[in-house]
Amino acid sequence: MKYTPRELEGNVNISRTSLIREFFFLLGSVLTLTLVVYVALGLAVDLIVPGLSPEFEQRLGSLYGSTYTGTEETGAEKRLQQVLDSLSSVQPENKGWQYRVHLVQDKRINTLALPGGHIVVYSGLLDEVESENELAFVLAHELGHFAHRDHLRGLGRRLVLLAMVAPVFGQDSSISKFMSNSLLDVEMRFSQGQEKMADLWAVDLLNRKYGHAGGAVDFLDRIARKEKNGRLAYLFSTHPYPLNRVKALQKYIMIRGYQVKEKIPLDGSLRRKSQ
């Protein structure tokens, strides 16, 4: 009697399809589910943030403010604060918020809006601005983020992201980093929209303070001319391509009928502070 082996049928341990195909199907399903949950929780953050009281944000902001307070205020910081105060006094729907500017010696060309009305200005930015109007536009842009409460939305979404990824895959795992970066790409697209709205808010505020929109595009135009990476480098950036921002601002200024007049020279205390 000859033994003839038979193939197993209906065994759960035997895959009927390619293992590689099953792996990518499982990975895609996990990523899709994670993205759906992330977007849903992000929308929940957007709904909750407008209802947060100023008192709550002030308490939250004290965590950030303590990082930058305690040092003697410099002449440059005093002048920055004066410009910021003059802008906040003319912004619409001023609910009595108190804003505080902090100048940090850092060659990066950037500013940050932190909870509690704290605005961090890196000294590298002062090397690039050439008039008070340009500086006022940058500060007004940050006030736009406060007005739209973008800073709280960004903080909330990042907390959601951290809460979702870290417990499942571990904070330092390669899967956590991959998923975190993938979702951050989605989040950055939201940030670009917020940046555009903050730009328009800044132009309106600049016109309220000075009676014209001079200086609104100068800083961004200078940055755009120095940019060598091209618009593709900004595809997943938090900020739109500088040249696109300049064009959008010029169009907005024309639509609103704002005049562009002579700009105020930059105060001597604010020149070349990082050098």
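**Exercise 1.** Determine whether Phe24 is buried or exposed in this predicted model.

*Solution.* Relative accessible area under 20% means buried, over 50% exposed, and in between partly exposed (1.4 Å probe, protein chains only). Phe24 has 53% relative accessibility and therefore counts as exposed. Phe23, at 48%, counts as partly exposed.

The model is predicted: local features need pLDDT of at least 70, side-chain atom pairs count only at pLDDT 80 or more, and totals for chains, interfaces and linings use all residues. Residues are numbered from 1 along each chain as its sequence is written, and side-chain values use heavy atoms, with hydrogens and water left out.

**Exercise 2.** Classify the aromatic pairs of the structure.

*Solution.* Rings of Phe, Tyr and Trp (its six-membered ring) pair if their centres lie within 6.5 Å; planes under 30 degrees apart are stacked, over 60 edge-to-face, and the rest tilted. The structure holds 2 such pairs. Phe23 and Phe24 lie 5.3 Å apart, centre to centre, with 75 degrees between the planes, and form an edge-to-face pair. Tyr99 and Phe146 form a tilted pair, at 5.3 Å centre to centre and 55 degrees between the planes. This pair links distant parts of the chain, as Tyr99 and Phe146 are 47 residues apart. Tyr99 is buried, with a relative accessible area of 10%, and Phe146 counts as buried at 8%.

**Exercise 3.** State which residue lies over the face of Tyr210.

*Solution.* The criterion requires NZ of Lys or CZ of Arg within 6 Å of the ring centre and within 35 degrees of the ring normal. Lys209 lies over the face of Tyr210, at 4.7 Å from the ring centre.

Notes:
Helices (H or I, at least four residues) and strands (E, at least two) are DSSP runs, numbered from the N terminus.
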